[in-house]
Amino acid sequence: MPFVFAPPQQAVVPVQDERYEFFPIHRVYGIGKNYAEPGTVPSGTPFYFLKPADAVVPVADNESVAIPVPPGTNEMKHEIELVAALGKGGRNLTLEQAADAVWGWCVGIDFTLGDQRLDSGANDFMRGKAFDRSAPVSHIRPAYRTPMPAPADLWLYVNNQKRQSGSTANLIVKPLEVIVEISKFWELQPGDLIFTGTPGGASRVVPGDRLEGGVNGVGTIRVDIV
Ligand code: MN
(Lines give C-alpha, C1' and ligand atoms only; values in the text may rest on other atoms or scores of the structure.)
Protein backbone atom coordinates (compact mmCIF):
# COMPACT_ATOMS: atom_id res chain seq x y z
CA MET A 1 0.00 0.00 0.00
CA PRO A 2 1.53 3.33 -0.99
CA PHE A 3 2.35 5.84 1.72
CA VAL A 4 0.31 9.05 1.82
CA PHE A 5 3.65 10.87 1.58
CA ALA A 6 7.26 9.73 1.57
CA PRO A 7 8.17 8.45 5.06
CA PRO A 8 10.63 10.73 6.86
CA GLN A 9 14.27 9.79 6.61
CA GLN A 10 15.56 7.63 9.44
CA ALA A 11 17.43 9.85 11.94
CA VAL A 12 21.05 8.63 12.19
CA VAL A 13 24.39 9.45 13.79
CA PRO A 14 27.62 8.56 11.93
CA VAL A 15 29.86 6.03 13.73
CA GLN A 16 33.63 5.79 13.85
CA ASP A 17 33.82 2.17 12.84
CA GLU A 18 35.34 0.13 10.01
CA ARG A 19 32.27 -2.03 9.38
CA TYR A 20 29.42 0.44 9.75
CA GLU A 21 28.67 4.03 8.78
CA PHE A 22 25.48 4.99 10.62
CA PHE A 23 23.73 4.34 13.92
CA PRO A 24 19.94 4.55 13.39
CA ILE A 25 18.19 6.38 16.22
CA HIS A 26 15.12 4.90 17.87
CA ARG A 27 14.46 7.13 20.90
CA VAL A 28 16.41 9.74 22.85
CA TYR A 29 16.13 9.50 26.65
CA GLY A 30 17.54 11.83 29.24
CA ILE A 31 17.65 12.37 32.98
CA GLY A 32 17.18 15.73 34.68
CA LYS A 33 18.11 16.96 38.17
CA ASN A 34 20.85 14.36 38.29
CA TYR A 35 23.42 16.57 39.96
CA ALA A 36 24.17 18.04 43.35
CA GLU A 37 27.28 19.99 44.31
CA PRO A 38 29.35 17.63 46.44
CA GLY A 39 28.27 18.01 50.06
CA THR A 40 24.98 19.77 49.25
CA VAL A 41 21.37 18.66 49.04
CA PRO A 42 20.13 18.07 45.45
CA SER A 43 17.75 20.75 44.10
CA GLY A 44 15.22 18.11 43.09
CA THR A 45 14.58 14.45 42.43
CA PRO A 46 15.99 13.01 39.19
CA PHE A 47 13.35 12.64 36.49
CA TYR A 48 13.32 11.20 32.99
CA PHE A 49 12.32 12.73 29.67
CA LEU A 50 12.38 12.08 25.91
CA LYS A 51 13.59 14.16 23.03
CA PRO A 52 12.44 13.39 19.48
CA ALA A 53 14.92 11.38 17.39
CA ASP A 54 14.99 14.20 14.83
CA ALA A 55 16.11 16.70 17.48
CA VAL A 56 19.54 15.02 17.25
CA VAL A 57 22.14 16.92 15.22
CA PRO A 58 25.34 14.96 14.49
CA VAL A 59 28.54 17.02 14.68
CA ALA A 60 31.73 15.80 12.99
CA ASP A 61 35.07 16.17 14.79
CA ASN A 62 36.58 19.61 14.22
CA GLU A 63 33.39 20.94 12.68
CA SER A 64 30.58 22.84 14.35
CA VAL A 65 26.84 23.10 13.86
CA ALA A 66 24.46 26.02 14.30
CA ILE A 67 21.83 25.65 17.04
CA PRO A 68 19.15 28.37 17.10
CA VAL A 69 17.63 29.72 20.30
CA PRO A 70 13.93 28.83 20.00
CA PRO A 71 11.29 31.57 20.19
CA GLY A 72 9.84 32.57 23.56
CA THR A 73 12.79 31.84 25.80
CA ASN A 74 15.41 33.91 27.56
CA GLU A 75 17.13 30.99 29.20
CA MET A 76 18.58 28.38 26.89
CA LYS A 77 21.21 26.42 28.80
CA HIS A 78 23.97 24.02 27.79
CA GLU A 79 24.39 20.65 29.50
CA ILE A 80 27.46 18.70 28.42
CA GLU A 81 26.82 14.97 28.79
CA LEU A 82 28.16 11.50 28.17
CA VAL A 83 25.68 9.75 25.84
CA ALA A 84 25.22 5.98 25.55
CA ALA A 85 24.20 4.49 22.20
CA LEU A 86 22.41 1.17 22.71
CA GLY A 87 22.90 -1.77 20.34
CA LYS A 88 20.60 -3.97 22.41
CA GLY A 89 17.43 -3.31 24.34
CA GLY A 90 15.28 -4.99 26.96
CA ARG A 91 13.30 -4.48 30.12
CA ASN A 92 14.51 -4.53 33.73
CA LEU A 93 18.16 -4.70 32.78
CA THR A 94 20.80 -5.45 35.38
CA LEU A 95 23.91 -3.26 35.56
CA GLU A 96 25.81 -5.98 33.69
CA GLN A 97 23.13 -6.16 30.99
CA ALA A 98 23.12 -2.37 30.72
CA ALA A 99 26.89 -2.38 30.13
CA ASP A 100 26.46 -5.11 27.52
CA ALA A 101 23.65 -3.17 25.79
CA VAL A 102 25.92 -0.18 25.08
CA TRP A 103 27.17 -0.30 21.46
CA GLY A 104 29.12 2.91 21.81
CA TRP A 105 29.52 6.31 23.40
CA CYS A 106 29.38 9.89 22.21
CA VAL A 107 29.41 13.42 23.59
CA GLY A 108 26.16 15.36 23.57
CA ILE A 109 24.81 18.72 24.65
CA ASP A 110 21.34 18.48 26.19
CA PHE A 111 20.08 21.99 25.43
CA THR A 112 17.39 22.94 27.95
CA LEU A 113 15.09 25.94 28.33
CA GLY A 114 15.08 26.99 31.96
CA ASP A 115 12.08 29.29 31.71
CA GLN A 116 9.38 27.06 30.20
CA ARG A 117 6.72 27.16 32.88
CA LEU A 118 3.00 26.91 32.25
CA ASP A 119 0.51 29.35 33.77
CA SER A 120 -0.32 26.59 36.26
CA GLY A 121 3.26 26.78 37.51
CA ALA A 122 4.02 23.30 36.15
CA ASN A 123 7.09 22.86 34.02
CA ASP A 124 6.48 22.46 30.28
CA PHE A 125 9.15 19.84 29.64
CA MET A 126 7.88 19.35 26.10
CA ARG A 127 9.07 22.84 25.21
CA GLY A 128 11.88 22.88 27.73
CA LYS A 129 13.61 19.71 26.56
CA ALA A 130 12.21 18.52 23.22
CA PHE A 131 12.64 21.53 20.94
CA ASP A 132 14.11 21.32 17.45
CA ARG A 133 17.90 20.77 17.24
CA SER A 134 18.08 20.47 21.03
CA ALA A 135 20.40 17.46 21.00
CA PRO A 136 23.70 17.89 19.10
CA VAL A 137 25.98 14.84 19.49
CA SER A 138 29.44 13.87 18.30
CA HIS A 139 29.93 10.87 16.07
CA ILE A 140 29.63 7.62 18.02
CA ARG A 141 32.73 5.68 19.12
CA PRO A 142 32.13 1.92 19.42
CA ALA A 143 32.55 0.57 22.94
CA TYR A 144 35.15 -1.96 21.80
CA ARG A 145 37.41 0.99 20.93
CA THR A 146 36.18 3.40 23.61
CA PRO A 147 35.21 1.59 26.81
CA MET A 148 33.26 3.79 29.18
CA PRO A 149 35.69 5.91 31.16
CA ALA A 150 34.58 5.53 34.75
CA PRO A 151 34.47 8.12 36.06
CA ALA A 152 34.41 10.32 32.97
CA ASP A 153 35.56 13.94 33.13
CA LEU A 154 33.31 16.38 31.28
CA TRP A 155 34.03 19.99 30.36
CA LEU A 156 32.49 22.82 28.37
CA TYR A 157 33.80 26.24 27.34
CA VAL A 158 31.71 29.15 26.06
CA ASN A 159 33.76 31.71 24.09
CA ASN A 160 36.92 30.12 25.53
CA GLN A 161 35.72 30.56 29.13
CA LYS A 162 35.21 27.47 31.25
CA ARG A 163 31.57 27.00 32.25
CA GLN A 164 31.38 23.31 33.08
CA SER A 165 34.01 21.05 34.55
CA GLY A 166 33.06 17.90 36.40
CA SER A 167 32.85 14.18 36.44
CA THR A 168 30.22 11.52 35.97
CA ALA A 169 31.30 10.50 39.50
CA ASN A 170 29.34 13.56 40.70
CA LEU A 171 26.09 12.45 39.06
CA ILE A 172 23.46 11.15 41.48
CA VAL A 173 22.39 8.30 39.16
CA LYS A 174 25.52 6.98 37.41
CA PRO A 175 25.48 6.44 33.61
CA LEU A 176 24.87 2.68 33.59
CA GLU A 177 22.34 3.05 36.42
CA VAL A 178 20.44 5.55 34.25
CA ILE A 179 20.01 2.80 31.64
CA VAL A 180 18.86 0.35 34.35
CA GLU A 181 16.32 2.88 35.69
CA ILE A 182 14.89 3.71 32.25
CA SER A 183 14.51 -0.01 31.47
CA LYS A 184 12.22 -0.38 34.52
CA PHE A 185 9.59 1.79 32.85
CA TRP A 186 10.22 1.63 29.10
CA GLU A 187 11.33 -1.31 26.98
CA LEU A 188 14.68 -0.17 25.64
CA GLN A 189 15.42 -0.83 21.96
CA PRO A 190 18.52 -0.95 19.80
CA GLY A 191 18.99 2.60 18.53
CA ASP A 192 18.15 4.31 21.79
CA LEU A 193 20.40 7.18 22.84
CA ILE A 194 20.69 7.88 26.56
CA PHE A 195 21.83 11.30 27.81
CA THR A 196 23.21 10.45 31.23
CA GLY A 197 23.17 13.82 33.00
CA THR A 198 25.35 16.89 33.36
CA PRO A 199 27.72 17.61 36.25
CA GLY A 200 26.80 21.20 37.14
CA GLY A 201 27.69 24.61 35.73
CA ALA A 202 24.98 24.56 33.05
CA SER A 203 24.44 28.19 32.14
CA ARG A 204 22.70 30.49 29.71
CA VAL A 205 23.79 30.92 26.09
CA VAL A 206 22.91 33.66 23.62
CA PRO A 207 23.25 34.01 19.84
CA GLY A 208 26.90 34.48 18.88
CA ASP A 209 28.23 32.15 21.60
CA ARG A 210 30.70 29.49 20.49
CA LEU A 211 30.66 26.33 22.57
CA GLU A 212 33.26 23.60 22.79
CA GLY A 213 32.84 20.69 25.12
CA GLY A 214 33.99 17.16 25.62
CA VAL A 215 34.19 13.99 27.61
CA ASN A 216 37.74 12.81 28.24
CA GLY A 217 38.33 9.49 26.51
CA VAL A 218 35.26 9.86 24.31
CA GLY A 219 35.52 13.01 22.20
CA THR A 220 34.63 16.65 21.75
CA ILE A 221 31.79 18.67 20.26
CA ARG A 222 31.49 22.22 18.90
CA VAL A 223 28.34 24.30 18.53
CA ASP A 224 27.55 27.88 17.45
CA ILE A 225 24.46 29.48 18.98
CA VAL A 226 22.49 31.50 16.43
MN1 MN B 1 20.62 17.04 30.85
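Glu79 and Glu81 are both buried. In this predicted model, these two residues also take part in a metal site: the manganese ion is coordinated by Glu79 and Glu81 through OE atoms and by Asp110 through an OD atom, at 2.0 to 2.1 Å. Along the chain, the donors of the manganese ion follow the spacing E-x1-E-x28-D.

Helix 3 spans residues 175-183 and is mostly covered, with 7 of its 9 residues buried. The buried positions are Pro175, Leu176, Val178, Ile179, Val180, Ile182 and Ser183. An α-helix has 3.6 residues a turn, so residues three or four places apart point the same way. In helix 3, the buried set includes Pro175, Val178 and Ile179, and it also includes Leu176 and Val180.

Strand 17 (residues 210-215) pairs with two other strands, described in turn here. With strand 13 (residues 153-158), strand 17 pairs in the antiparallel sense over 5 bridges. Within this pairing, Val158 has Leu211 of strand 17 as its bridge partner. Strand 17 is also joined to strand 18 (residues 219-225) by 6 bridges, and these two strands again run antiparallel. Here Val215 stands opposite Gly219 of strand 18. Strands 17 and 18 form a hairpin with 3 residues between them. One of the residues in the turn, Gly217, has a positive phi of about 90°.

Positive phi values also occur at residues other than glycine. Asn92, which is not a glycine, has a positive phi of about 50°. This residue lies in the loop between strand 8 and helix 1. Asn92 has a relative accessible area of 52% and is therefore exposed, the cut-off being over 50%. Arg133 likewise has a positive phi, near 60°, and is found in the loop between helix 2 (125-129) and strand 11 (135-138). Arg133 counts as partly exposed because its relative accessibility is 32%, which lies between the limits of 20% and 50%.

Definitions and conventions. Residues are numbered from 1 along each chain as its sequence is written. This is a predicted model: local features need pLDDT of at least 70, side-chain atom pairs count only at pLDDT 80 or more; totals for chains, interfaces and linings use all residues. Side-chain values use heavy atoms; hydrogens and water are left out. Two strands pair if DSSP finds at least two bridges between them. Helices (H or I, at least four residues) and strands (E, at least two) are DSSP runs, numbered from the N terminus. Donors are N, O and S atoms within 2.8 Å of the metal (3.2 Å for Na, K and Ca); water is not among the atoms, so sites may look incomplete. Buried means under 20% relative accessible area, exposed over 50%, partly exposed in between (1.4 Å probe, protein chains only).
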